[in-house]
Amino acid sequence: MTELVDLSPAEESDLTYYILALMEEPDPFVVSEVTEVKSIPHRIRLVDGQLTVTASVEDWEHLKRVAEHLETSYRDFELLSTSQTAWTGTPLGTNQLKHAVRGEVSESQLELLAEAYRNGYFDVPQAVTAKELASILGTSQSTLSEALRNAQYTLFEILFGEQ
């Protein structure tokens, strides 16, 4: 039995809707199984009776543990593919700000902000200065500062600009 509780359009796309449904699922349910082994589900699709799950894992050993767990839980489990990537996409249930940012901020701006964040540029107190970060990234301090200001401006425009 399935009960549709809510259906609402996603703010970031005219083609995406959030669905809240209550349903009785066969045990074990795939989201429970995937999250039980600490992997993060990103996409679940049911096409022609075949359930496909895209999830992220920490490393190769974690992937093997996840695969072993799913093989134990499901008789018809098949690992279709693997890929290593710097950006795995947005996990299910992540807040809408990340969705908005991903659609508006360029990939190069996101990479720059992520590097600055990872290196402690935004920490209080700063772990690295603009000069040190520029050296790490192999660019000049003035180029770095301008690129960071542009990326920050884009973020602030999303948050505070006219809708």
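Biologist: Is histidine 62 buried or exposed, and what is its relative accessible area?

Modeller: Good place to start! Keep in mind that this is a predicted model. A residue counts as buried when its relative accessible area is under 20%. Histidine 62 has 2%, so it is buried. It lies in helix α2, residues 60-73. Beyond its neighbours within four places in sequence, histidine 62 is in contact with Val37, Lys38, Ser39 and Val57.

Biologist: Thanks! Stepping back, how many helices and strands does the protein chain have, and what share of its residues is buried?

Modeller: The chain has 6 helices and 4 strands. Read from the N terminus, the order is β-β-α-β-β-α-α-α-α-α. Of its 163 residues, 22% are buried. As for contacts between residues at least 6 apart in sequence, 36% join residues at least 24 apart.

Biologist: Let's look at a strand pair. How do strands β3 and β4 run, and how many bridges join them?

Modeller: A general idea first: in a regular strand the side chains alternate between the two faces of the sheet. Here, β3 (residues 40-47) and β4 (residues 50-56) run antiparallel, joined by 7 bridges.

Biologist: Now the helices. Which residues of α5 are buried?

Modeller: In α5, residues 130-137, the buried ones are Ala130, Leu133 and Ala134. Seen down the helix axis, the buried residues of α5 fall within an arc of 100 degrees, so they line one face. Lys131 and Ser135, on the other side of α5, are exposed. The cover over the buried residues of α5 includes α4 (107-118) and α6 (141-160). After α5 comes glycine 138, with a positive phi near 70 degrees.

Biologist: Which residues make up the largest nonpolar core?

Modeller: In soluble globular proteins, nonpolar side chains tend to be buried together. In this model, the largest nonpolar core has 11 residues: Leu112, Leu113, Ala116, Tyr121, Val128, Ala130, Leu133, Ala134, Leu144, Leu148 and Ala151. The elements giving two or more residues to this core are α4, α5 and α6. Another core lies apart from it and has 5 residues, including Val30, Val34, Val66 and Leu70.

Biologist: Tyr121 is on that list. Where does tyrosine 121 lie, and what is it in contact with?

Modeller: Tyrosine 121 lies in the loop between α4 and α5. With a relative accessible area of 18%, it is buried. Setting aside neighbours within four places in sequence, tyrosine 121 is in contact with Ala116, Gln126, Val128, Thr129, Ala130, Leu133 and Leu148. Its C-alpha atom is separated by 9.2 Å from that of glutamate 132, 11 residues apart along the chain.

Biologist: And how do α4 and α6 cross?

Modeller: Two packed helices are described by the angle between their axes and the distance between the axes. The axes of α4 and α6 come within 10 Å and cross at roughly 110 degrees. That makes α4 roughly perpendicular to α6. In α4, Gln109, Leu112, Leu113 and Ala116 meet residues of α6, among them Leu144, Ala147, Leu148 and Ala151.

Terms used:
Residues numbered from 1 in each chain as written. Predicted model: local features only at pLDDT ≥ 70, side-chain atom pairs only at ≥ 80, totals over all residues. Heavy atoms only, no water. Buried < 20%, exposed > 50% of the residue type's maximum accessible area, 1.4 Å probe, protein only. Arc of directions from axis to C-beta. Contact = heavy atoms within 4.5 Å. Core = buried A, V, L, I, M, F, W, Y, C linked by side-chain atoms within 4.5 Å. Pairing = 2+ DSSP bridges. Axes fitted to C-alpha atoms, helices over the stretch in contact; angles between N-to-C directions. Parallel < 35°, antiparallel > 145°, perpendicular 65-115°, else oblique.
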